[in-house]
Amino acid sequence: MFDPRRLHYLRVSLLSGCNLNCFYCRPAESEMPPGVAQRDPELFKKALELLYRLGVGKVRFTGGEPTLYKKLPALVEYARSLDSALLLGLTTNGLLLDKLAGKLAEAGLDSVNISLDTQDRNRFKSITGVDALDRVVGGINAAIERIETVKLNCVLMRGVNDHEAEALVRFADRLSVDIRFIEFMPTRSSPSCDHRFVSGDAVRSHLPFDLTPVASEAAGAARYYRSPELNIRVGFINPVSHPFCAECDRLRLASDGQLYGCLFSSRAVNLFELMERDDDDAETAIGELVNSKQYLGCAGATQSKEDLPSFISMGG
Ligand code: SAM
């Protein structure tokens, strides 16, 4: 029905609300998602079961801020019950991990990616609108104690935090967790971000480490590097300067049930509605979406404003 290599990795955005208000991610007033509506977990369970049956082998819960979703541990537990080999991850700002890391580990979570754009308390507040760097660092430490794999994700922006790349790598190295730099992408909240854009190659060339690529460890979208001075891997996710559409195997389920084949396409099918009618209809629609993936576009392509993603509702 479709190429199963294009249906391996599912990102599920559990809700569109967030407890941070990052200036580059928050939606315009007119597009503000309605509060932190929590959808019925049964909808997500049904979608997970169907997509697992069709070939998904890796699930990442995201948002909005997924740790605000009350049934997150129960959903992780459900996903784990589908298959002990399913890779289960979470992308979070880390604010609530201090309390949740243990529960999530017990529920079967394998990995957590924690977003951290700065190490400076004042800059954290000016980027996110909340004075909470200490809580995030507490969350990172709790995750390191309880969850098997922890990574840091950082978006560098020119004139905001791009001078912190080395300090962030050293911070990650002290904690022995990998760090990945993700290129700043145009989104509905930041449609013209050119003046803030810094390419992954530029970040890498300015880092004062002898970085060599780890070919065998190229994982998904990230390209990893090691240095004799570091215990960790430094990864680069460069969707703007080096789009990876050809290898992309992701589908994205938004909290309203819309299933997208690409972060940069508004083409979607409403999985929750389709599943209500008939699983066969849902399967056919998913197949069509997966088959059309390579034609949908990417961060490097010219986009109309409607096609730009809203990270807060689709999950970054
Ligand atoms: N709240 C969770 C978190 O902070 O990780 C999950 C959702 S958040 C939208 C996921 C990631 O998207 C964050 O790491 C954030 O920095 C990133 N992000 C938001 N806007 C972005 C943009 N324009 N370009 C690149 N990454 C972006």
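Q: Two strands pair if DSSP finds at least two bridges between them. How do you know that β4 and β5 are joined?

A: In this predicted model, local features need pLDDT of at least 70 and side-chain atom pairs pLDDT 80 or more, while totals for chains, interfaces and linings use all residues. Residues are numbered from 1 along each chain as its sequence is written, and side-chain values use heavy atoms, without hydrogens and water. Strand β4 (residues 111-115) and strand β5 (residues 149-155) are joined by 5 bridges; the rule asks for at least two, so they pair. The two run parallel, and Ser115 stands opposite Asn153 in β5.

Q: What makes β12 an edge strand?

A: A strand is a DSSP run of E with at least two residues, numbered from the N terminus. The open sheet has 12 strands in the order β7-β8-β9-β6-β5-β4-β3-β2-β1-β10-β11-β12, with mixed pairing. Strands β7 (212-213) and β12 each pair on one side only, and these are the edge strands.

Q: What does Asn270 touch?

A: Leaving out residues up to four places away in sequence, Asn270 touches Asp256, Gly257 and Gln258; contact means heavy atoms within 4.5 Å.

Conventions: Helices (H or I, at least four residues) and strands (E, at least two) are DSSP runs, numbered from the N terminus.
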